[in-house]
Amino acid sequence: MSIINPFSVIITFAIILAVLAYFRPKTGRMVVGIFFLTMALGVNVPILLTDPTLFAATGAKAFLPIYRWFFGEILANYPIPFVIALILFEMSVGILILSKGKAVRLGLMAASLFCLFLTPVGMEEITAPLLIVSFVILMRHEFPEPLFRLRKPIRAAMMTQS
């Protein structure tokens with residue numbers, strides 16, 4: 001087995017995220033939020049457009065029988081709605097994490113649950129819970145401001161004009 005494989009990549013990514021979350025929480029939050037948006041738009045949208053049945057095939061090797069049943073019976077028959085729901089979920093999680101206050105914590109909790117539920121899908125996902133370490137570290141912080149502002153708040157704009 002090569003030193004560069006899916007496991008070493010995820011483990012390295014999880015360590016980097018945990019270090020960022022601990023020492024640079026704002027940057028760690030940005031990376032986690034953008035990661036979820038990238039997975040939704042950069043990975044799952046192309047899967048939706050090219051081969052939405054890919055997830056059903058992946059779940060056929062799941063560790064738990066209920067996962068194999070779900071992927072083989074439910075997801076195999078409705079791959080497009082599933083992939084659309086997955087995209088919307090990951091986008092929502094990313095947006096929540098990049099938001100402020102309780103929304104950030106909600107996004108981090110959803111991300112944690114997602115990683116837990118993803119784990120039994122197969123060997124490629126077995127390291128997903130390692131990402132939860134950074135989510136828990138980030139949950140310890142308060143984020144009173146959203147990471148990005150699309151425009152100035154109306155009050156601030158009115159005050160600078162007067």
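Biologist: Which helix does F70 lie in?
Modeller: This is a predicted model, where local features need pLDDT of at least 70, side-chain atom pairs count only at pLDDT 80 or more, and totals for chains, interfaces and linings use all residues. Residues are numbered from 1 along each chain as its sequence is written, and side-chain values use heavy atoms, leaving out hydrogens and water. Helices here are DSSP runs (H or I, at least four residues), numbered from the N terminus. F70 belongs to the one spanning residues 65–75, helix α4.

Biologist: What is the relative accessible area of F70?
Modeller: Buried means under 20% relative accessible area, exposed over 50%, and partly exposed in between (1.4 Å probe, protein chains only). F70 counts as partly exposed because its value is 30%.

Biologist: Is F55 buried or exposed?
Modeller: You will find F55 in helix α3, residues 54–59. Its relative accessible area is 17%, so F55 is buried.

Biologist: Which residues is F55 in contact with, leaving aside neighbours within four places in sequence?
Modeller: Contact means heavy atoms within 4.5 Å. By that rule, the partners of F55 beyond those neighbours are N44, I47, F71, L75, F82, V83 and L86.

Biologist: How far apart in space are F55 and V31?
Modeller: In sequence, 24 residues separate F55 and V31. From C-alpha to C-alpha, the distance between F55 and V31 is 25 Å.

Biologist: How many helices does the protein chain have?
Modeller: Let's step back to the whole chain. From the N terminus on, its elements run α-α-α-α-α-α-α-α. There are 0 strands, and the number of helices is 8.

Biologist: What share of the protein chain's residues count as buried?
Modeller: The C-alpha atoms fill a box of roughly 65 × 35 × 25 Å along the principal axes. Of the 162 residues, the buried share is 34%.

Key. Helices (H or I, at least four residues) and strands (E, at least two) are DSSP runs, numbered from the N terminus.
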